[in-house]
Amino acid sequence: MIKLRRSTVGVIILLIILGGIFVWGQTQNANRNANRKDGKDRPGYVIMISIDGMVPDYYTAPEKVGLQVPNLTLMKNGGAYADGVEGVYPTVTYPSHTTLVTGARPAIHGIVQNRIFEAPTDPQTRAWYWYSKALKADTLWTSAKKAGLVTAAVGWPVTVGAEIDYNVPEIYDPSETLPTWKRIAENSTPGLLEKALGPDYGKKLSIDDRLTTVSEFIIKSYRPNLLLIHLIELDGVHHRNGPRTKPAIEMAQREDGYIGRIVEATRQAGIFDETTFLIVSDHGFSKISQKYAPNVALAKEQLITLDANGKAVSWKAAAWPAGGSCAIVLHDAADKETEAKVTAIFSKVAKDNKSPIKQVSTRNDLRRIGAIPQAVLMLEAAPGYSFDDALTGSEIRDSGESYRGTHGYLPTNPEMRASLIIYGARAQSGAKLPLARMTDIAPTAASLLKLNLPQAEGKQMKDLIKPAVAAISSTN
Ligand SMILES: [Zn+2]
């Protein structure tokens, strides 16, 4: 018998243990794959593509505006869709996108506006709610992560610092006249942009072309179970020119091409048959020609004090505009005297003939519709009007040649309706809703991946999706 030294015996025992762990790991992977093969535990894939500011008639009646959108048309005809989606107040990008991934309204999910409130006496950094730490509700990605699924997001709002496996968040430096990708690169999954776009981040491509190229790369390289994509260029064209204008039509056609490329990437990745696509938007659009500045009215009534240069030196109430609506915030939320004054000021303006204010929502109204708890009241603009936060000048001005469309109005305004098409593996082909609710979209996406969204206020849209078993048997 060979006599072994104690240290040699130790090494052998260690090797046996490590070997055991390796074999156990392999068995676990094999079990998981076996489960995936029989279909029972297969989570499938969900890709949500948001075309910012897309109005639903771009896919319900494209011919009426001379629009050619072959991909949207194929998805609508082969899948399920809504004639429109009623959103949340204010109908702006960040609150709406957060509802799309939480199923909750802004008062619950915490993203009550695009831009964070900055007092008129503070430096105006124009920062938005970019950081995921501001989220107060579980999202599709936090639930997917808990379930052990692979997650990805490209250009999605409020995802800086989010626990997303492959993340290219939306963020920019407001002081840059032409936003660069510097901040995006700093906050993306390390190395991801270089791999997807090359060392110059694909600078020659337009923004949405870049976001699409990154999405194609992620799909083909990592096959995430959940992928959220936010394409933004149509919104900018709508703001500058108005909806259904010639530049808007051209841009919508390009967005359709990007959607086609994303679908094609799933075919190349071999996951098309197991992928459900949700094509959504965050809000509609209205044409505008005028702007109203509530801060000018507040300054006239001494609720904002200006120095000789028109700079604010103190304030009791201030505007927090969101395009077609505008929150009014008090310096001291318990200041009843100022609350009474601002209510009187804007109620009087709203009563005028041809007033820029259509209606004033009180704290109670806002609580009921789940909007912006920080506001003492919310102004709703009359048709053709938008709000801004100018402190000086006339209360009403022309909106300017390069600002002809906006949103932010009450979600009950039919022009503010957003979009929804469900297409692919789990879409109930031929199903249609006249009006969907934005709060129902996240619970529907969650049900496809068997996820739970505890703070969701909406419900799964059962009529628009097929049960999982039918989807899997169709792919076998
Ligand atoms: Zn938007």
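Biologist: Why is strand 6 described as mostly covered?

Modeller: Six of the six residues of strand 6 are buried. A residue is called buried if 20 or more other C-beta atoms lie within 10 Å of its own, exposed if 12 or fewer do, and partly exposed in between, with the C-beta atoms placed from the backbone. Strands (E, at least two residues) and helices (H or I, at least four residues) are DSSP runs, numbered from the N terminus. The model is predicted, so local features need pLDDT of at least 70 and side-chain atom pairs count only at pLDDT 80 or more, while totals for chains, interfaces and linings use all residues. Residues are numbered from 1 along each chain as its sequence is written.

Biologist: How do you know that both faces of strand 6 are covered?

Modeller: In a regular strand the side chains alternate between the two faces of the sheet. In strand 6, T275, F277 and I279 lie on one side, and T276, L278 and V280 lie on the other. The residues of both sets are all buried.

Biologist: What makes strand 1 mostly covered, and which of its residues point each way?

Modeller: Seven of the seven residues of strand 1 are buried. Y45, I47, I49 and I51 point one way, whereas V46, M48 and S50 point the other way.

Biologist: Which bridges join strand 6 to strand 17, and which join strand 1 to strand 5?

Modeller: Strand 6 and strand 17 are joined by five bridges and run antiparallel; V280 faces L420 there. Strand 1 and strand 5 (residues 226-231) are joined by six bridges and run parallel, with L227 as the bridge partner of I47.

Biologist: Why are the buried residues of helix 3 said to be on the same side?

Modeller: The buried residues of helix 3 (residues 70-78) are N71, L72, M75 and K76. They cover an arc of only 130 degrees around the axis, which puts them on the same side of helix 3. The arc is that of the directions from the helix axis to the C-beta atoms. An α-helix has 3.6 residues a turn, so residues three or four places apart point the same way.

Biologist: What covers the buried residues of helix 3?

Modeller: The covering elements include helix 2 (57-60), strand 2 (80-86), helix 11 (246-268), strand 6 (275-280) and strand 17 (418-424).

Biologist: Why is Q302 called exposed and K450 partly exposed?

Modeller: Q302 has 11 C-beta neighbours inside 10 Å and therefore counts as exposed. K450 has 14 C-beta neighbours inside 10 Å and therefore counts as partly exposed. Q302 is in the loop between helix 12 (294-300) and strand 8 (304-306); K450 is in the loop between helix 15 (441-448) and helix 16 (468-475).

Technical notes. Two residues are in contact if their C-beta atoms, placed from the backbone, lie within 7 Å. Two strands pair if DSSP finds at least two bridges between them.
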